[in-house]
Amino acid sequence: MRFNSTKSFRALSALAATCLTAFGHSQSTVAPVVAPPAAPAAVVDLPSASEIVAKSALATGAAAMRTHTSLTTVSGLEIQGMGIKGTVKSFLASPNRSSQITVISGIGEFQSGYDGKTGWVVDPMNGPRVLAGTELAQLSREADFFKDVDPGSQWDELTTTGSKEFNGLACWVVAAKRGTEKSTLYFETATHLLRGGEMEMDSPMGKIPVSAFIKEYKEFNGVQLPSVSQITQAGQTVVLTIESATFDTVPETQFALPKVIDALILADASADADDETESDSSAPASAPTTPATPTTPATPTTPTTPATPK
C-alpha cells in the first residue's frame with residue numbers, strides 16, 4: 001500500500017532545478033536588494049509542560065474518565081486518495097490493557113493486543129508476532145486507558161520548547177521522552193486540547209516517521225475523545241472517525257491471548273530450554289583426578305649384631 005511517488009519526485013526535482021537556474025541568472029543581472037534589519041522577536045513566556053498537560057486533562061474530562069473501567073469504540077477508517085476503507089473496533093480497560101480488530105476491504109483483518117505484559121499482532125502480511133523492545137513499549141503506551149485525557153501520564157520527561165502553528169492551529173510545542181522514545185506534542189493554546197504529535201514508530205520495515213493530527217473532538221459521557229484523527233506516514237494519510245463509544249462493557253476475556261500467540265510463546269520457551277540443555281551438555285567435563293603417587297616403602301632397619309659373651 002505504499003504510495004508511488006517516483007513521478008512526483010521527478011517533477012519536483014525538475015521544478016527545483018528550474019527555480020535555481022532562474023535564481024542564478026537574476027543574481028547576475030539584478031542588483032542585490034538589502035533588506036532592512038528584522039525587528040527583534042517578541043519574548044513569549046512559555047508555560048511549563050506540567051501546566052499545559054494539567055489544563056489539557058481538565059479540558060478533556062480526565063476526572064469523568066477515571067469513573068470508568070473500560071471503553072469500546074467503533075471507528076470508520078479511510079486511506080485518502082486510494083479508495084480503501086475499513087472499520088476499527090477498539091477495546092481498552094484500566095489501567096493498560098487493549099485489544100483492536102481492524103478490517104480493511106480487499107486486504108483482510110489485522111489484530112493487536114496488550115494484556116499488561118505481552119504485546120502481539122496478527123496480520124495477513126506478516127502473520128502472528130510477539131512484540132519486544134521499542135514496538136512493545138509503543139503498544140503499551142497506546143494501551144494506556146487514560147492516554148486521550150491525560151497525555152502527560154505516558155511520558156517520563158516533558159519540556160515546553162516553544163509555540164508554532166500546527167495544521168492551522170496555534171499550539172504550544174512540548175518535547176516528550178520515555179526511555180529511548182521521543183515525540184513532539186502539540187497542544188492548542190486556545191483550548192488546551194492535544195492536537196497531535198510527531199515521532200518515529202518501529203515497524204517490520206524499520207523506523208517510520210509518523211504525524212498524527214486530531215482534527216475534531218466529541219463528548220461521550222462527559223469525556224472529550226478524538227472523534228476525527230488523521231495519521232500520516234510513508235506518504236499516506238489514514239483518517240479515523242469514531243462512530244460510537246461505549247463505557248464499562250468490555251469482558252475480561254477480550255484481552256486473552258489468541259491461541260496462535262500462545263503457541264508462539266510456548267515454542268519460544270521450548271527453544272530457550274533446548275538451548276540451555278545444549279549449552280550444559282556441550283560444556284567440557286571436569287578433568288579426571290590424577291591418582292596419588294604410591295608412597296615408597298621405608299627401608300627395613302638392619303638388626304643389631306648381639307654382643308660376644310666374655
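Here are the stops, with what to select at each.

A word on ground rules: this is a predicted model, so local features need pLDDT of at least 70 and side-chain atom pairs count only at pLDDT 80 or more, while totals for chains, interfaces and linings use all residues. Residues are numbered from 1 along each chain as its sequence is written, and side-chain values use heavy atoms, with hydrogens and water left out.

**Stop one: the largest nonpolar core.** Select Met65, Leu71 and Leu225, which touch the most other members among the 14 residues of the largest nonpolar core. (A nonpolar core is a set of buried Ala, Val, Leu, Ile, Met, Phe, Trp, Tyr and Cys residues joined through side-chain atoms within 4.5 Å; buried means under 20% relative accessible area, exposed over 50%, partly exposed in between, with a 1.4 Å probe and protein chains only.) Now colour α3 (62-65), β12 (223-233) and β13 (236-247), the elements that give two or more residues to this core. Helices (H or I, at least four residues) and strands (E, at least two) are DSSP runs, numbered from the N terminus. The largest share, three residues, comes from β13.

Zoom in on Met65. Leaving out residues up to four places away in sequence, Met65 touches Leu71, Phe145, Phe146, Val149, Val223 and Phe247; contact here means heavy atoms within 4.5 Å. Apart from this core lies another, of 13 residues, with Val53, Leu185, Leu194 and Tyr217 among them.

**Stop two: strand β9.** Select residues 181-188, strand β9, where six of the eight residues are buried. On one pairing, β8 (residues 169-178) runs antiparallel to β9, joined by eight bridges; two strands pair if DSSP finds at least two bridges between them. Pick Val174 and you'll find its bridge partner in β9, Leu185. The β8-β9 hairpin has two residues between the strands, and Gly179 takes a positive phi near 60 degrees.

Next, show β10 (residues 194-203), which is antiparallel to β9 and linked to β9 by five bridges. Tyr186 has Gly196 as its bridge partner in β10. This hairpin has five residues between β9 and β10, and His192 in the turn has a positive phi of about 70 degrees.

**Stop three: Ser99.** Jump to strand β3 (residues 97-104) and select Ser99. Is Ser99 buried or exposed? Ser99 counts as buried because its relative accessibility is 6%. Show the side chains of Ser99 and Gln254: a polar contact of 3.2 Å joins them. (A polar contact is a pair of N or O atoms within 3.5 Å; within protein, one must be able to donate a hydrogen and the other to accept it, and residues adjacent in sequence count only if both atoms are side-chain atoms.)
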